[in-house]
Amino acid sequence: MGTTVRIIGAPMDYGADRRGVDMGPSAIRYAGLADGLVHAGVEPVDAGDLSIPRAEERDPDVDQPSRGNAKFLREVEDVCTRLSDQVADALAADEFPLVLGGDHSVAIGSMHGSSRDADLGVIWFDAHADLNTPETSPSGNVHGMPLAATLGRGAFEEMEWATAPGVREESIAYVGLRSIDERERELLRESQMTAFTMADIDERGMTAVVADALDVATDGTAGVHVSLDLDWLDPKTAPGVGTPVRGGVTYREAHAALETVSQRQETDGIVRSMDVVEVNPILDEGNETATLAAELTASAFGERIL
């Protein structure tokens with residue numbers, strides 16, 4: 001990762017049902033993100049937040065895809081298009097783009113911007129597959145669709161703003177899946193994506209799984225995007241998320257995972273961009289989840305006990 005990290009806030013909650021995740025970027029900053037990055041040996045430069053109108057001021061159904069249902073699609077497009085530009089600008093300035101969400105639909109913009117001039121691998125730390133399309137989504141919430149959008153699946157094939165030009169499905173690796181819709185399960189089995197579930201972590205250990213995921217994401221690519229959804233962790237460890245699922249990653253496992261990413265970065269320089277998403281302060285307890293998000297981000301950039 002570059003020595004200068006550009007922090008880009010994307011306080012968007014259009015992709016989720018539960019309000020409050022738009023306050024995630026502020027909560028992560030307040031939890032000591034900048035100090036953690038400095039301790040990790042990088043220089044944080046805060047670009048502030050994208051200006052995003054409140055969801056209550058918008059009609060979620062005013063602009064729908066040609067097939068299926070996707071709420072706030074026009075608003076998601078606007079935010080992700082601007083975010084993509086900011087990510088690309090950071091890379092052009094030889095800075096590392098660190099995006100703070102907001103719900104996980106911001107990753108559409110992160111990956112689009114990061115892959116404009118490079119083939120991009122993706123590590124997806126998440127409880128969920130996020131592979132629904134407008135046609136298959138039971139809710140119409142776009143935070144369950146970012147990887148489908150990035151790959152141009154379903155109705156997204158008509159949306160250039162969503163489809164990431166340099167991301168191929170064989171370069172995507174999930175780590176820690178444990179909640180997948182039936183249709184997503186079918187799509188995963190039919191795809192060339194690699195999925196490591198919580199059962200794989202239980203059987204093999206976190207560091208071995210992450211090492212294999214990195215091998216997948218770096219094979220034939222120019223860099224890796226790391227997407228960290230805080231609902232990846234067990235809700236007892238990270239209570240401030242909108243879609244908690246029991247049986248998730250522990251505090252120590254999470255740090256081990258991000259430390260493994262950092263160690264690979266130190267030897268190979270493979271990580272190109274990152275987003276940290278789905279921190280909802282309204283549902284949190286004493287800013288615990290935001291603090292964990294800041295700590296894990298610092299681990300990804302090289303913070304160590306020794």
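1. For what follows, a pocket is an open set of points on a 1 Å grid over the protein atoms alone, with protein on both sides within 12 Å along at least five of seven lines, and its volume is the space filled by probe spheres set on those points. Please keep in mind throughout that this is a predicted model.

2. The largest pocket has a volume of about 290 Å³. It is lined by 20 residues, of which His128, Asp130, Asn132, His143 and Gly144 are the closest to its centre. By residue type, the lining of the largest pocket divides into 10 polar, 7 charged and 3 nonpolar residues.

3. For the second largest pocket the computed volume is about 200 Å³. Of its 16 lining residues, those closest to the centre are His255, Glu295, Ala298, Ser299 and Glu303. Helix 2 (33-40), helix 9 (251-268) and helix 10 are the elements that each give two or more residues to this lining, and helix 10 provides the largest share, with 5 residues. The lining of the second largest pocket is made up of 5 nonpolar, 6 polar and 5 charged residues.

4. Helix 10, which covers residues 288-300, deserves a point of its own. Just after the helix, Gly302 takes a positive phi of about 115°.

5. The buried residues are Thr289, Ala290, Leu292, Ala293, Ala294, Leu296, Thr297, Ala298, Ser299 and Ala300. The elements covering them include helix 1 (24-30), helix 2, strand 3 (96-101), strand 7, helix 9 and strand 8 (271-277).

6. Thr289 counts as buried because its relative accessibility is 0%, where the cut-off for a buried residue is under 20%. Leaving aside residues up to four places away in sequence, Thr289 touches Leu230, Ala238, Pro239, Gly240, Val241, Val279 and Asp284.

7. Strand 4 (residues 120-125) is largely enclosed by the rest of the structure, because 6 of its 6 residues are buried. In a regular strand the side chains alternate between the two faces of the sheet. In strand 4 both faces are covered, with Leu120, Val122 and Trp124 buried on one side and Gly121, Ile123 and Phe125 buried on the other.

8. Which strands pair with strand 4, and in what sense? Strand 4 runs parallel to strand 5 (residues 167-177), with which it pairs over 5 bridges, and Ile123 stands opposite Ala173 in that strand. Strand 4 also runs parallel to strand 7 (residues 223-229), to which it is joined by 6 bridges, and the partner of Phe125 there is Leu228.

9. Lastly, helix 4 (residues 106-114) is mostly covered, with 9 of its 9 residues buried. Those residues are Val106, Ala107, Ile108, Gly109, Ser110, Met111, His112, Gly113 and Ser114.

Terms used
Residues numbered from 1 in each chain as written. Predicted model: local features only at pLDDT ≥ 70, side-chain atom pairs only at ≥ 80, totals over all residues. Heavy atoms only, no water. Helix = DSSP H or I, 4+ residues; strand = E, 2+ residues; numbered from the N terminus. Buried < 20%, exposed > 50% of the residue type's maximum accessible area, 1.4 Å probe, protein only. Contact = heavy atoms within 4.5 Å. Pairing = 2+ DSSP bridges. 1 Å grid on protein atoms, 1.4 Å probe; cavity = no way out; pocket = protein on both sides within 12 Å on 5 of 7 lines; lining within 4 Å. Nonpolar A, V, L, I, M, F, W, Y, C, P; charged D, E, K, R; others polar.
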